[in-house]
Amino acid sequence: MTDILETIFKRRSIRSYEDRPVEREKLIQLLQAGTAAPSACNNQPWEFVAVDEPAVMEQFHTRLEDGPYNAPAAIVVCYNPQVGQTQRCDRFWEQDCSAATENIHIAAVGLGLGTVWLGVHPIEETISIVKDIVKLPEHVTPLAVIYIGYPAEKKEPRTKYNESIIHWQGYGHKK
Ligand SMILES: Cc1cc2nc3c(=O)[nH]c(=O)nc-3n(C[C@H](O)[C@H](O)[C@H](O)COP(=O)(O)O)c2cc1C
């Protein structure tokens, strides 16, 4: 199996972390992975808030109902309609930002880190909480919070490949 396939299968949601910080250099590498993602019309309508201050992380841990895990760092993937290269493709922003988010997850595995994707958009209440925690301006929307840290739990690599959901040449046709 290729290294990249192994890395993709190794990516699992990690919800328990060692009590040690993530190096800034690694966070920057993750941001570089995020910004390497494809986007419609190469629009790149994204901005990122990287967090490694314990006081800010504590806010996430306590205020995000679906994110009470002890991650020492996070990246908030955001959509800003004012930073895109072309408004024509802005409507693809959720896909653009999701591509960046997944790149960060995969890159983290390669750096020995664990992550979990916390969904924010389109839940209005969660959007408000995240905006408040990281002080986003009104026009900037958080798509996701990615928790990052050294894993304190081990999960088996896996794919969820299942032939029943795969169709060849057209729906309903099996190999
Ligand atoms: C859009 C999205 C939102 C998610 N939100 C949460 C969340 O709020 N809290 C959480 O613990 N996991 C969250 N997850 C992680 C999923 O629960 C996880 O990916 C799924 O159970 C499959 O497990 P795996 O990531 O180990 O393959 C989210 C994943 C996605 C793609």
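1. A nonpolar core, as the term is used here, is a set of buried Ala, Val, Leu, Ile, Met, Phe, Trp, Tyr and Cys residues joined through C-beta atoms within 7 Å. Buried means that 20 or more other C-beta atoms lie within 10 Å of the residue's own, exposed means 12 or fewer, and partly exposed is in between, with C-beta atoms placed from the backbone. The largest such core in this structure has 36 residues, and the members that touch the most others are A74, I75, V77, V145, I146, Y147 and I148. Two or more residues of this core come from each of α2 (24–34), β1 (46–51), β2 (73–79), α4 (93–110), β3 (114–119), α5 (124–134) and β4 (141–149). Helices (H or I, at least four residues) and strands (E, at least two) are DSSP runs, numbered from the N terminus. As background, nonpolar side chains tend to be buried together in soluble globular proteins.

2. A word on provenance before the details. This is a predicted model, in which local features need pLDDT of at least 70 and side-chain atom pairs count only at pLDDT 80 or more, while totals for chains, interfaces and linings use all residues. Residues are numbered from 1 along each chain as its sequence is written.

3. Setting aside residues up to four places away in sequence, A74 touches V51, M57, F60, V145, I146, Y147 and I148. Contact here means that the C-beta atoms of two residues, placed from the backbone, lie within 7 Å.

4. Next, which residues of α2 are buried? They are L27, L30 and G34. Seen down the helix axis, these buried residues fall within an arc of 55°, so they line one face of α2; the arc is that of the directions from the helix axis to the C-beta atoms. The face turned away from the buried side carries the exposed residues E25, I28 and Q32. Among the elements covering the buried residues of α2 are β1, β2, α4 and β4.

5. Helix α4 passes a simple geometry check. Its 18 residues should span 26 Å at 1.5 Å a residue, and the end C-alpha atoms are 26 Å apart, which agrees; the expected span is 1.5 Å times one less than the number of residues. The buried residues of α4 are W93, D96, C97, A100, T101, N103, I104, H105, A107, A108 and V109. They pack against α1 (3–10), α2, β1, β2, β3 and β4. After α4 comes G112, with a positive phi near 80°.

6. Beyond its neighbours within four places in sequence, D96 is in contact with S39, A40, N43, P45 and W46. The C-alpha atoms of D96 and Y79 are separated by 9.0 Å, with the two residues 17 apart along the chain. T101 is also placed in helix α4, and is buried with 22 other C-beta atoms within 10 Å. Not counting residues up to four places away in sequence, T101 touches V77, W117, L143, A144 and I146.

7. Now the ligand. Which residues surround it? R12, S13, R15, D66, G67, V116, W117, L118 and G119 do, where a residue is taken as near if its C-beta atom, placed from the backbone, lies within 6 Å. This shell divides into three nonpolar, three polar and three charged residues. R12 sits in the loop between α1 and α2 and is partly exposed, with 18 other C-beta atoms within 10 Å. R12 and H105 are 93 residues apart along the chain, and their C-alpha atoms are separated by 8.9 Å.

8. Finally, some backbone points for your checklist. Most residues other than glycine have a negative phi, and most peptide bonds are trans. N42, in the loop between α2 and β1, has a positive phi near 55° and is exposed, with 11 other C-beta atoms within 10 Å. K135, in the loop between α5 and β4, has a positive phi of about 60° and counts as exposed, with 9 C-beta neighbours inside 10 Å. The peptide bond joining H121 and P122 is cis, with omega about 10°; P122 is in the loop between β3 and α5.

How values were computed:
Nonpolar A, V, L, I, M, F, W, Y, C, P; charged D, E, K, R; others polar.
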